[in-house]
Structure formats: structure tokens, C-alpha cells
Amino acid sequence: MNGGFELRRCNPDSDMDIIVGLEREIFRPSEQYTLGFINWLCRNCTNYSYIAFMDGKPVGYIISCIEGRSRGHVISVGGVLRDYRRMGIGGALMCRSICSMAERGIDHVILEVRVSNTPAITLYRKLGFDVNGVLRSYYNDGEDAYLMILEDDKFEALIRKCCSVAKQPP
């Protein structure tokens, strides 16, 4: 990445068009979230959701929420535009989002990923996530998902590696 890279917290009042545009550009129609669901996510998960920009152009996003008191949930690693992949953007989005949730006291993170999405699975494993189960026919098109979890020592290692502030107690 170069000096033109920026991560900005998602603003639900002004960034909906950006996220919907990225969603349409990155995913097949059967994989896209509805506008209503994206709107709900952005409004309810703003503190942990980010958009990546390269030289002012939106190139990827992540939406995460805190569930209960201690679980972070990466709802959508909205991906990165094809021309900007393998540049560390996905990892930067994951780290920023997880760190913002850790500041609020989470002690583990979950996510779901298509079993066929090898690049994403590779990234998540590199960050310390482990497969915790298979969710049968999880996606609208019938594909299974892996439920992945980042917890315990691997969670703490990612926090030490990525975050400038230590995890706060709940």
C-alpha cells in the first residue's frame, strides 16, 4: 500500500451509496445483501465498520457488530475490488474493525465464510481464526459456510499485533 491508503469509519448518513456500489461491484447478485439489510447494518454497527480508500477511491469495506457483552461478529468483509486485492487491504480492514471492538471489551470474534472462498479463508487463518463448524446451506444459493472463531491466545496475539490500545474490560 502507498500513502494514498485510508480507512474511514462508515457513516450511515453519507456512505450507503459507497457500500451498495462496492457490494454490487464485488459480489454476484445472489451474494449481495439487500439495501435494507445494509442500511440496518450501517446504522447499528457504525462504530466497528470501515471503508477502505485508495487515492480517494473506495476499494473495500467491513461491517462488524458486538453481540452481547463480549462477542465481536464480522458480518461482512465486503471484500476488496479485484484490482486492489493482495495489497493488505482486507487484513487492514479486519485489524481496524477488531481493534475497535476490542476497545469495547470483546474477548472473541466470529465470522462466516463460504467454504469455496479460499482467499478469504487463507486471510482469516493468517489472522488466527480457526474453523469452528460448518453451517449447512448457509447462503441463499445453498452453499455451506464455515463458522470461524478467533479466541483465547490467538485473539490476544492479534490484539497485540494490530491494536495500539489494549483490550478494555467490559
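**Helix H3 and the sheet**

Author: H3 is mostly covered, with 13 of its 14 residues buried. The model is a predicted one. H3 runs over residues 89-102. Its 14 residues should span 20 Å at 1.5 Å a residue, and the end C-alpha atoms are 20 Å apart, so the two values agree.

Next, the sheet. Seven strands form an open sheet with mixed pairing, in the order E1-E2-E3-E4-E5-E7-E6. Strands E1 (5-9) and E6 (130-135) stand at the edges; each has a single partner strand, so one side of each is left without a neighbour in the sheet. On average, neighbouring strands are turned by 25° against each other, direction ignored. Helix H3 packs on this sheet. The helix touches E1, E2, E3, E4 (71-80), E5 (108-114) and E7 (145-151). Its direction makes about 30° with that of E3.

E3 deserves a word. Strand E3 (residues 57-67) pairs with E2 (residues 50-54) in the antiparallel sense, over five bridges. There, isoleucine 51 stands opposite tyrosine 61 in E3.

Now the core. The largest nonpolar core has 52 residues. Met94, Ile98, Val109, Tyr124 and Phe129 touch the most other members. H3 supplies the largest share of this core, nine residues.

Finally, one side chain's neighbourhood. Leaving aside neighbours within four places in sequence, methionine 94 is in contact with Ile62, Val74, Val77, Leu111, Leu123, Tyr124, Leu127 and Phe129.

Key: Residues numbered from 1 in each chain as written. Predicted model: local features only at pLDDT ≥ 70, side-chain atom pairs only at ≥ 80, totals over all residues. Heavy atoms only, no water. Pairing = 2+ DSSP bridges. Helix = DSSP H or I, 4+ residues; strand = E, 2+ residues; numbered from the N terminus. Axes fitted to C-alpha atoms, helices over the stretch in contact; angles between N-to-C directions. Contact = heavy atoms within 4.5 Å. Expected span 1.5 Å × (residues − 1). Buried < 20%, exposed > 50% of the residue type's maximum accessible area, 1.4 Å probe, protein only. Core = buried A, V, L, I, M, F, W, Y, C linked by side-chain atoms within 4.5 Å.
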